[in-house]
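Thank you all for coming.

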Amino acid sequence: MMKRFLTIILGVLLLLGLTSPVLGKQSAEDFPIPEKNGDYPDPEHPGVRVRVFVHEPRSPRPSPSPTPVPSCTDLDANDLVSAAGWKLPASWIYNLNPGSAPSSINLASVATIAAEGFEKQWEPAANKKINFQRGSDTDKNRSAYDGLNIITWGRTSGGALAVTYIRYSTATKLVVDVDTIMNLKFPWSWTPYQINLCGNLNTYDAQAVLTHEQGHWLGLDDEYTANYFNHTMYGYGYKGDLKADTLTKGDASGAAVLYH
């Protein structure tokens, strides 16, 4: 009886010894990065944090400041946009997923939309300290630390127009990976920018939203108060907006401070 009891105990101990490393091993799926505004540790990469920006439609909730009234008039503004805590290296390659774009946007236009923001708005604002280059296209439509800095349409949870994931080194404060997912759930269109012109009032303009997201790539934060309403980095998007296609002095100055 005693021999049988010891055999059972030994078997249990061996089983625990074999399985405990497996039970102790936890993958990224055990600690998913929330799709909520915030700054989180990357579960698989020590020394890397992930800043998540959720760009929502213009908030219907009461605000401490007066709610701005949408307008087609492209007014300038000087209020400085805040830095978020990182910078891009001097050379940065981005990867497009043109095939993910909704049918309301010509696939060939996706490259133009991205380049308009990177090359005509943010590069000059950053004193040409960043050289944006288009890399190979991809079919990926989810965020991952994989060496690809993607711009894609896909599915996001909740009511986000777009979600951007910034992975940056805690040691150097330099970006190591960026992904922006535009939400297919919303109606999209693209109207080439003209001053004081509204886009389609029933859709969100792809260039306006993407130019805002690109500001996060550089290291700029969201601004939510009414005095930032005309800024590209205003924290909410709304239908028909084309103003965000071009930077205010406050947007450009925020980038210039980072890349002086």
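Predicted model: local features only at pLDDT ≥ 70, side-chain atom pairs only at ≥ 80, totals over all residues.

Let me begin with the chain as a whole. The protein chain contains 4 helices and 10 strands, and if you read along the sequence, these elements come in the order α-β-β-β-α-β-β-β-β-β-β-α-β-α. Of the 260 residues in the protein chain, 46% are buried. If we take the contacts in the protein chain with a separation of 6 or more, 72% of them are between residues 24 or more positions apart.

Now to the helix pair. How do helix H2 and helix H3 cross? Helix H2, which covers residues 109-125, and helix H3, which covers residues 206-218, have axes that come within 9 Å and cross at roughly 50°. As for handedness, the crossing in which H2 passes H3 is right-handed. On the H2 side, the contact is made by Ile113, Ala114, Glu116, Gly117, Phe118 and Trp122, while H3 contributes Ala206, Gln207, Leu210, Thr211, Gln214, Gly215, Trp217 and Leu218. Sorted by class, this contact of H2 with H3 has 8 nonpolar, 5 polar and 1 charged residues.

One residue of that contact deserves a moment on its own. Ala114, in helix H2, has a relative accessibility of 0% and so counts as buried. Setting aside neighbours within four places in sequence, Ala114 is in contact with Tyr94, Leu96, Ile151, Leu210 and Gln214. With Gln214, the separation is 100 residues in sequence, yet the C-alpha atoms are 8.7 Å apart in space.

Let me turn to the aromatic rings, of which the structure holds 12 pairs. One of them is formed by Tyr94 and Phe118, whose ring centres are 4.6 Å apart and whose planes are at 40°, so this pair is classed as tilted. The pair links distant parts of the chain, since Tyr94 is in strand E3, residues 91-96, and Phe118 is in helix H2, 24 residues apart. Is this pair of Tyr94 and Phe118 buried or exposed? Both residues are buried. Phe229 and Tyr238, by contrast in geometry, form a stacked pair, with 5.5 Å from centre to centre and 15° between the planes. Phe229 and Tyr238 are both buried as well. These two rings also belong to a cluster in which ring pairs link Tyr224, Phe229, Tyr234, Tyr236 and Tyr238.

Staying in that part of the sequence, I would like to point out Thr232, which is found in the loop between H3 and strand E10, residues 236-237. Although Thr232 is in a loop, its relative accessible area is 2%, and it is therefore buried. Which residues does Thr232 touch, if we do not count those up to four places away in sequence? The residues are Trp122, Thr211, His212, Lys243, Ala244, Thr246, Leu247 and Asp251. Trp122 and Thr211 were also named in the contact between H2 and H3. The C-alpha atoms of Thr232 and Val209, which are 23 residues apart along the chain, are separated by 8.6 Å.

Lys128 lies in the loop between H2 and strand E4, residues 131-134, and with a relative accessible area of 61% it is exposed. Lys173, also not a glycine, has a positive phi of about 60°. Lys173 is placed in the loop between strand E6, residues 162-169, and strand E7, residues 175-183, and at 40% relative accessibility it counts as partly exposed. Arg167, in strand E6, counts as buried at 6% relative accessibility.

How values were computed:
Residues numbered from 1 in each chain as written. Heavy atoms only, no water. Axes fitted to C-alpha atoms, helices over the stretch in contact; angles between N-to-C directions. Helix = DSSP H or I, 4+ residues; strand = E, 2+ residues; numbered from the N terminus. Left-handed = near helix turned anticlockwise from the far one by under 90°. Contact = heavy atoms within 4.5 Å. Nonpolar A, V, L, I, M, F, W, Y, C, P; charged D, E, K, R; others polar. Phe/Tyr/Trp six-rings, centres within 6.5 Å; stacked < 30°, edge-to-face > 60°. Buried < 20%, exposed > 50% of the residue type's maximum accessible area, 1.4 Å probe, protein only.
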